[in-house]
Amino acid sequence: MDKGVLATALGSPAPFGQSQFAFMRGNAFEAKVKADGGAELLRLLYERLGGGAEAPAGDAAAPDLSAAGPEGRAARTALALREATAAGGWTLLDHPMLALEVAGSPAYLEPDAVVVHPDGRWTVVEIKSFPMIDASADPSKVGAAARQAAVYVLALERVAAVTEGAEVGHRVLLVCPKDFSNLPTASVVDVRKQRAVTRRQLTRLTRVEDIAAGLPEGTTFDPACPPEELDAAVAAVPPAYAPECLAACELAFHCRARSRAEGAVETLGRSVRGELGGLTTVAGVLAAAAGKEGDPADPTVAALRRAAALRAEALESAEALRPVTAGSAAVRHAGAGAPEGAAACR
């Protein structure tokens, strides 16, 4: 089920997405990096991660990964990885297909490239169109690329586990335009932390079968259903909204509206949610801060009440120190020097 179609049917389409110009620019840059059999890409990788191996020659292997369907392509990629590892040379896999189990169902992933080193090491290559200026890129964009690459590393580890002599590198190559040009440059990103976080999150996901078993009988997400019926079906699955969803999920606007209507603290961000412990609604947080609800012995409630007291104290101090305007000062001065009756008339 396409979430974009479902969001449109619910009346909450996601008005975001990458522009055609950005797509064209990204595709053009990737084509430049991979031109001539990936010679420039392999040169950058050897400079950053070559190790003790010989520099890749111009005739590095580039196997054909075409096959029928994602399952066929994933199987063909796994075979190519095993063959490249056994051959003991440099091999460039252009847009391989990887499989990873997510909540009990296979998810198919397509990294920009994977390079097999002569020593059997596999390196993920991410090609992005955002620039590296003075050898430094936007930290938020680099972080997003690292999280994406970490998923590819996890998927590769499944294949490496059954491939003799193979090892998946936890340092990925990030290729971007240099400064304000279209010339490629690269940096190495260690994704061990992102890999560990992603792996832990995957183990905690509820299986699709378990989610389906908890839905009312006859629930369907067919966009052709009447809006009220479709809305009830979606409401049967509790939203797990966070502001980060706006950048990746077509249903984010619908889930945000539901979370706001319920007053869920998740709308403020995952970090805030984690700090609030057992307080799950904005109304509950405000009541706890005001001393109307909550256990005073709870550290979260105590911290909220202390913060509320400090805020009230700061507001009182600001009110006391507020400067007197020229007009009000003149009125008070005139009132002080006038007869009592005249002041009363005013």
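These legends describe close-up views of a predicted model.

**View 1. The largest nonpolar core.** This core holds 34 residues. Leu81, Trp122, Leu156 and Val191 have the most contacts inside it. Several helices and strands each supply at least two residues. The helices are H4 (69-87) and H5 (139-160). The strands are E2 (98-102), E4 (113-116), E5 (121-127) and E7 (171-177). Which element gives the largest share of this core? Helix H5 does, with eleven residues.

View 2. Four residues are linked here by salt bridges: Glu40, Arg43, Glu47 and Arg48. Look at the pair Glu40 and Arg43. Their side chains meet in a salt bridge, 2.5 Å from N to O. Both residues belong to helix H3, and because they are three residues apart, about one helical turn separates them. Glu40 is partly exposed, with a relative accessible area of 25%. Arg43 also counts as partly exposed, at 36%. A search of the whole structure finds 13 salt bridges.

**View 3. Two further salt bridges.** Lys128 pairs with Glu126. Their closest N and O atoms are 3.2 Å apart. Is Glu126 buried or exposed? Glu126 is buried, since its relative accessible area is 2% and the limit for buried is under 20%. The second bridge joins the side chains of Asp190 and Arg192, at 2.7 Å from N to O. Asp190 is partly exposed, with a relative accessible area of 35%. Arg192 reaches 53% and counts as exposed, because exposed means over 50%.

**View 4. Lys34, a buried lysine in a loop.** Lys34 sits in the loop between helix H2 (20-33) and helix H3 (35-49). Its relative accessible area is 14%, so Lys34 is buried. Now find Ala113. Lys34 and Ala113 are 79 residues apart in sequence. In space, their C-alpha atoms are 9.4 Å apart. Ala113 falls within strand E4 (113-116).

**View 5. Two loop residues with positive phi.** His95 is found in the loop between strand E1 (91-94) and E2. At 24% relative accessibility, His95 counts as partly exposed. Ala103 is not a glycine either, and its phi is positive at about 55°. Ala103 lies in the loop between E2 and strand E3 (105-109). With 14% relative accessibility, Ala103 counts as buried.

**View 6. A negative surface patch.** Which residues form this patch? They are Asp222, Glu228, Glu229 and Asp231. Glu229 lies in helix H8, which covers residues 227-235. Glu229 has a relative accessibility of 40%, so it counts as partly exposed.

**View 7. A nonpolar surface patch.** Leu268, Val282 and Leu286 make this patch. The patch has an area of about 270 Å². Val282 has its place in helix H11 (residues 282-289). At 31% relative accessibility, Val282 counts as partly exposed.

Conventions
Residues numbered from 1 in each chain as written. Predicted model: local features only at pLDDT ≥ 70, side-chain atom pairs only at ≥ 80, totals over all residues. Heavy atoms only, no water. Patch = residues over 30% accessible without salt bridge, like charges linked within 9 Å, V, L, I, M, F, W, Y side chains within 5 Å. Areas by Shrake-Rupley, 256 points an atom, 1.4 Å probe, with all protein chains shown as cover. Lys, Arg positive; Asp, Glu negative; His and termini not counted. Charge placed at Lys NZ, Arg CZ, Asp CG, Glu CD. Helix = DSSP H or I, 4+ residues; strand = E, 2+ residues; numbered from the N terminus. Buried < 20%, exposed > 50% of the residue type's maximum accessible area, 1.4 Å probe, protein only. Core = buried A, V, L, I, M, F, W, Y, C linked by side-chain atoms within 4.5 Å.
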